[in-house]
Amino acid sequence: MLSFLLAALLPGLYWDQDAATADAVKQAGVEQLFVAPDQVAAWKSAGFEAQAFDSSRRVKLPVPGVQYRMDVASATRIPWIDANGWRFARHSDRPYYYDVPRGKAMLAAAEAYAYGADAVVHPDPQDLELFGRMLGFLRRIDQPPLPAMANIGIIDDSSAQTGEVLNLLARRNLLFRVIPAPDPKFDLNVKIGDQDYPRSEAANPAAFSMTIRQKLTDEKRLVRLFGSDVVLARLTGDGTRLRLHLINYSDRKVEGLRIRVRGEYPHGRLAAFDVKNAELADYAAADGVTEFTIPEMNVYAVIDLNK
Amino acid sequence: MERRKFLQAAAAAPVALAAELHSDVPRYRVVSRFQPSAHPGIPGLYPATVARVHAEKSIEAQSEKIDTPVVREMISRGMRSLTGDADARDSWARFFLPADIVGIKVNCSGAPNIMSAPEVVGEIVRNLGVVGVKPEQIWIYERFQNQVDTVHYDRYVPAGVHIWTAERSRGAILSYDPKTYVDVNFFGEDDTRSNLIRLISENFTKIINVPNMKDHGAAGVTGCLKNIAYGSFSNVARSHSGFKSNTYSFIGTLATVEPLRSRTVLQIMDGLRGVWHGGPFSPTRKFRFFPKQMMFGTDPVAIDRLLIDVIDGKRKAENATSVWDRSMAHIKPGNGYDDNPSIDRLVREPGHIEYASKLGLGEYDIRKIQVRNIEL
């Protein structure tokens, strides 16, 4: 039963090839998959746990990644990240699916897993082996989920405007949770339309997210990243232990990422996808914060911190 | 008070004083575990003193070929003039011991067209050898690998000398010290830290700064201060955005950070070549010129104060706008800057040199700077 629960957190594979490709799928380490309804029987015969894929029952997600818009002036030179974490945070109960081009299957799988989303990935067939490797990595690090941690509580009015603010907050690693009413456990509660957060200001979501950052202050932020502007973080924890998910939305590996986490956690452990012997470096837990360096990461890394 | 916080507060104090000079100086937080030396390398043993050596035969303008024996003589005369010694060996021995691990901060941002000339760097390395510093204890360093690769310093120095860059790929932070940095938010960027190169904090005992004579689109000019500051820290390009540059206060602030300030003991400005527009790069030859001079000192502010006159004088001679011009009429985005010396991308901040003087990094008042001119 436990293994079933753990496996339920892993992203699914939608494989649109017929069962003649069963060996390749098996070699990729995939045993459960979604297939076209008329292929279910064939895949089951081939020994797979196959389910019919129905796109109409899932929300299609944009392709995650980074767009470097060299022709667009940017005050902060931040590349444009297409990420779906804010969507998962806003509607955690919805089932999703990705239809991604070559090279994006691992990122999609990592993103969905990091946010605990019920998601299916439809990869380019040439990415099957990579997707399988990511799935294997996720299986190895999998553990029962911890609650999401956040500095900011956002009262969601379901508007597109608030959605864009959530998007910008996520892209700046300003950790938030969508809540129904103000909650004093957050450092900051934001309700767009209130006196402190007028709609007119939210019309510019980039500037608005900066305002929220200033009100929160960098000192109070639960997580800060130094050394990359294409890595987004999700933090979960229960007070004595934390799990920090880091997703690299670019196509390049990150060479060195310094991380500051609020709170003192003397023990830390790193698991980085496709990096052998990954270890945290320059670790320090003092003065109310924990800092460490990830020497190298590809698309995804997880850090477990303990008191 | 806890020691680390004491050091942060102590480091912030002169910055706060200097901020009075300029209304929009950002709030800097300097984090370092290093105490300043009792006699920091900046402004060093010879404050407010510059030995300037001009040699017409040092470089042939047409071919840009450097005459190495002339360079050797320039360095010998410059060092002796600075220290007052009869023998150049004694001059170098005032700064370096055989046990020192010496970093040579070159400037390769304009390479391969202008850089700390390998002939100059080779001669510096030779002099270090004369006072007993072994090749393995010498590190020629810069931030970006792709720039240094074009220069081939290895052809001018003995085997064993390290030629090292902090960023083999742009943006990599592993070669920087995570515990020594300046934290500042200029434009809302999320990464607000600029970290010191790790070799400086953990390995080097002394540093020689070898800048060029260049115009700079943001800083006004780039000489000793800019080279040692922006060239020793990560994530510094974020200080410019739109037409605004924070070089005015950032350069000096970075140069105060320990142990960089204490360990940078000698400034040798290579002005054989120069760039009077388009710096710090040098994509077109028409903006290069040949001052055919070198400056020696320990006071980077004093040398840079002289540099302003060299660059601005040349710009005036070429009918270009002054580095002091703050008119928005000349600020134009796009590529016009690359070809037109009367177009700027940012408001230049040559005032960064005076600002640095207020931080205690040297003498800015031209009347108080002793210049020892030598003609070869």
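Predicted model: local features only at pLDDT ≥ 70, side-chain atom pairs only at ≥ 80, totals over all residues.
Helix H10 of chain B, residues 300-317, has 18 residues and spans 26 Å from its first C-alpha to its last, close to the 26 Å expected at 1.5 Å a residue. H10(B) is mostly covered, with 14 of its 18 residues buried. Just after H10(B) comes Asn319(B), whose phi is positive, at about 60 degrees.

For orientation, most residues other than glycine have a negative phi, and most peptide bonds are trans. Glu64(B), although not a glycine, has a positive phi of about 60 degrees. The residue is placed in the loop between strand S3 (59-60) and strand S4 (65-66) of chain B. Glu64(B) counts as partly exposed because it has 15 C-beta neighbours inside 10 Å, a number that lies between the limit of 12 or fewer for exposed residues and that of 20 or more for buried ones.

Two cis peptide bonds in chain B also deserve attention. One joins Ala111(B) and Pro112(B), with omega at about 5 degrees. Pro112(B) belongs to the loop that runs between strand S5 (102-105) and helix H4 (118-130) of chain B. Another cis peptide bond links Glu258(B) to Pro259(B), and here omega is about 10 degrees. Pro259(B) is located in the loop between helix H8 (247-256) and helix H9 (260-263) of chain B.

Chain A itself contains nine helices and 19 strands. Its radius of gyration is 20 Å, close to the 19 Å that the globule rule gives for 307 residues, so chain A is as compact as a globular protein of that length. Along the principal axes, the C-alpha atoms of chain A fill a box of roughly 60 × 45 × 45 Å. Of the 307 residues in chain A, 42% are buried. Among the contacts in chain A with a separation of 6 or more, 67% are between residues 24 or more positions apart.

Five of the seven residues of S19(A) are buried, and the strand is mostly covered. S19(A) pairs with strand S14 (residues 241-248) of chain A in the antiparallel sense, over seven bridges. Within S19(A), Val302(A) stands opposite His245(A). S19(A) is also joined by six bridges to strand S16 (residues 267-272) of chain A, and these two strands run antiparallel. Here Arg269(A) has Asp304(A) in S19(A) as its bridge partner.

The C-alpha atom of Asp304(A) is separated by 40 Å from that of Ser200(A), and the two residues are 104 residues apart along the chain. Ser200(A) is part of helix H8 (residues 199-202) of chain A. This serine counts as exposed because it has 8 C-beta neighbours inside 10 Å, and the limit for that class is 12 or fewer.

Another group of strands in chain A forms an open sheet. Its four strands follow the order S12-S15-S18-S17, with antiparallel pairing. Strand S12 (223-226) and strand S17 (281-286) are the edge strands, each pairing on one side only. On average, neighbouring strands of this sheet are turned by 15 degrees against each other, direction ignored. Within the sheet, strand S15 (residues 257-262) and strand S18 (residues 289-294) of chain A run antiparallel and are joined by six bridges. Val261(A) stands opposite Thr290(A) in S18(A).

Strand S17 of chain A also holds Asp282(A). This residue is not a glycine, yet Asp282(A) has a positive phi of about 50 degrees. Asp282(A) is partly exposed because 14 other C-beta atoms lie within 10 Å.

The tour ends at helix H7 of chain A, residues 160-171. Its twelve residues reach 16 Å from the first C-alpha to the last, close to the 16 Å expected at 1.5 Å a residue. The buried residues of H7(A) include Val165(A), Leu166(A), Leu168(A) and Leu169(A), and also Asn167(A) and Arg171(A). Just after H7(A), Asn173(A) adopts a positive phi of about 55 degrees.

Note on methods: Residues numbered from 1 in each chain as written. Chains lettered and ligands numbered in written order. Expected span 1.5 Å × (residues − 1). Pairing = 2+ DSSP bridges. Axes fitted to C-alpha atoms, helices over the stretch in contact; angles between N-to-C directions. Rg over C-alpha atoms; globule rule 2.2 N^0.38 Å. Contact = placed C-beta atoms within 7 Å.
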